[in-house]
Amino acid sequence: MNFLRAGTVIIFLLVFNQGKSQTDTVNTKSYADQVMIRVNLDTNIESYIFSQGEDENPDRTILSVNNKTKTSVSVDYRIISATLSFAPKFIKGNNDDAMKGNSSYTDLSFRFFPERFIQNVYYKNVRGFYIENMKDLFPAWQEGRDPYIQFPDLRVQSFGGSTSYILNKNFSARSIYTQGEWQSKSYGSWIPFLDYDLTIFRNKIEGLKSKEYQYKIGGNIGYFYNWVIGKNVNISPYLALGFGGKFSSFRDPQNNYSKENAQYMTVRMEGGLHVGYNTDRFLFGGKMNFNAYAYNQKENQTVENNNLYGLLYIGYRFAPPKVVKNTYDKIQKKIPVL
C-alpha cells in the first residue's frame, strides 16, 4: 500500500541522518560506541476482545494465546537496536497445551534514533488461540476439568512500525526505550507519532480456509517525562492518545470466497511507567505498560486489543570486539547510511 511505501522512504531518510545523534550533549551521555546486550522478561502477549450488545455489560469473547510470558534479547550497537522475542515452553503458564492448545509467538523489531526522530519497525507472528473467558460463555464449564475451545489454525502476522518526533530537544527517548543514553537532568516532552501496520489473519475451520488483510494507520500524541533521581536512577511515566483508520479486505469461505471490504475508525490509548538503574556497565529496571485499541466492527459490535503488562530487564555494556568494530566499519564504507 501507499503508506507502507511512504514508511520505507521515511525509514531510509531517518537512518541516513543517524550519524548526527551518536555523540554526547550537555544533558545526555551516549553509549552508541558500546555494545549493549539486554535480556527482558515480560507478559505482553496478544489477546483480542469481541463485545456485542447495547447494555453496560455486553457479551464478551476473549481470544488469547497459550503463552503468558515471553523472553526477549536485545542487542544495541551504533545505529542498530534489535530485539528478538519468543515464548519459551519451559516457563510456567506457557505449556498448558492439553487444555488450551499449542501456541507459538515470535516478534522481531528494530529501532533507530536519528536526531529527534524515533523510528520503529517490527514483524510479529502469532499462532494458536483459545477462548479465555469460557466461564462467562458457558456457566457449566469447569476450569481444570473441561478444555477450552481452541483455534489451533488461527494465525496473526503483523508488519508495521511507527515514526515519532521529540518536540523538546533536551529530552532523551533512548534513555527510556533502549537505555542507549543517560539523561543527566529531568526533562519531559510532547511526542507526536504516526503508527501503521499490515496484519494478516489466517484460519481454517472444518477444512475451509479464510484470510483477511487489515491495513491500519493512526495519528497520536503523548507526553513523556524522564525524572532523574541522583546519578543512577530514573522514573519515566507517559500517556498517549490517538485516532486513525483501519481498512480490511476479507474473502468469505462461506460465500464462495466473495470479497468483502470495510473501513473503520479506530481509537487508541497507551501509557506506562518505567523505573531504571543505570551505570556505564550495568543496567536493570522494570516497566508497567498498558495499551487499549478498539474499533466498531458492526453496529453494537466492538473489537478490542487490550494489554496490561509488566517487563523486567537487565543489561550489560562493553567495548565492541575488534572483529565487530572492523566489520561494521567495512560495511559502513560500502553502505554509508549505516
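Student: What makes Arg268 and Asp195 a salt bridge?

Tutor: This is a predicted model, so every value here is computed from it. The side chains of Arg268 and Asp195 meet at 3.3 Å, N to O. A salt bridge needs an Arg or Lys side-chain nitrogen within 4 Å of an Asp or Glu carboxyl oxygen. The value of 3.3 Å is within 4 Å, so the pair counts.

Student: Where in the chain do the two partners sit?

Tutor: Arg268 is in strand 14, residues 258-278. Asp195 is in strand 11. They are 73 residues apart, so the pair links distant parts of the chain.

Student: Why is Asp195 called buried?

Tutor: Its relative accessibility is 8%. Buried means under 20%. Therefore Asp195 counts as buried.

Student: Why is Arg268 called partly exposed?

Tutor: Arg268 has a relative accessible area of 22%. Partly exposed lies between the 20% limit for buried and the 50% limit for exposed. So Arg268 is partly exposed.

Student: Which residue does Glu270 pair with, and at what N to O value?

Tutor: Glu270 meets Arg268 in a salt bridge at 2.4 Å, N to O. That is within 4 Å, so this pair counts too. Glu270 is buried, at 13%.

Student: What makes Asp195, Arg268 and Glu270 one network?

Tutor: Their salt bridges share partners. Arg268 pairs with Asp195, and Arg268 also pairs with Glu270.

Student: How many salt bridges does a search of the whole structure find?

Tutor: Eight. One of them joins Asp146 and Arg145, with the closest N and O atoms 2.9 Å apart.

Student: Asp146 or Arg145: which is buried and which is exposed?

Tutor: Asp146 is at 19%, under the 20% limit, so Asp146 counts as buried. Arg145 is at 55%, over the 50% limit, so Arg145 counts as exposed.

Student: Is Thr28 buried or exposed, and how do you know?

Tutor: Thr28 is at 12% relative accessibility. The limit is 20%, so Thr28 counts as buried. Thr28 sits in strand 1, residues 28-30. Thr28 touches Ser172, Glu181, Trp182 and Gln183, leaving aside residues up to four places away in sequence.

Student: What about Val233: what makes it partly exposed?

Tutor: Val233 has a relative accessible area of 26%. That falls between 20% and 50%, so Val233 is partly exposed. Val233 belongs to strand 13, residues 233-252. Among the residues Val233 touches are Trp182, Trp227 and Tyr277.

Student: How do you know that strand 8 and strand 9 pair?

Tutor: Pairing takes at least two bridges. Strand 8 (residues 117-131) and strand 9 (residues 150-165) have 13, so they pair. Their sense is antiparallel. Arg127 has Arg155 in strand 9 as its bridge partner.

Student: What joins strand 9 to strand 11?

Tutor: 10 bridges join them, and the two run antiparallel. Gly160 stands opposite Asp197 in strand 11.

Student: Why can Phe110 belong to the nonpolar patch on the surface?

Tutor: Phe110 has a relative accessible area of 32%. Patch residues need over 30%, so Phe110 passes that cut-off. Phe110 is found in strand 7. The patch also includes Ile37 and Val39, and its residues together have about 940 Å² of accessible area. Strand 6 gives the largest share, three residues.

Definitions and conventions:
Residues numbered from 1 in each chain as written. Predicted model: local features only at pLDDT ≥ 70, side-chain atom pairs only at ≥ 80, totals over all residues. Heavy atoms only, no water. Patch = residues over 30% accessible without salt bridge, like charges linked within 9 Å, V, L, I, M, F, W, Y side chains within 5 Å. Areas by Shrake-Rupley, 256 points an atom, 1.4 Å probe, with all protein chains shown as cover. Helix = DSSP H or I, 4+ residues; strand = E, 2+ residues; numbered from the N terminus. Buried < 20%, exposed > 50% of the residue type's maximum accessible area, 1.4 Å probe, protein only. Contact = heavy atoms within 4.5 Å.
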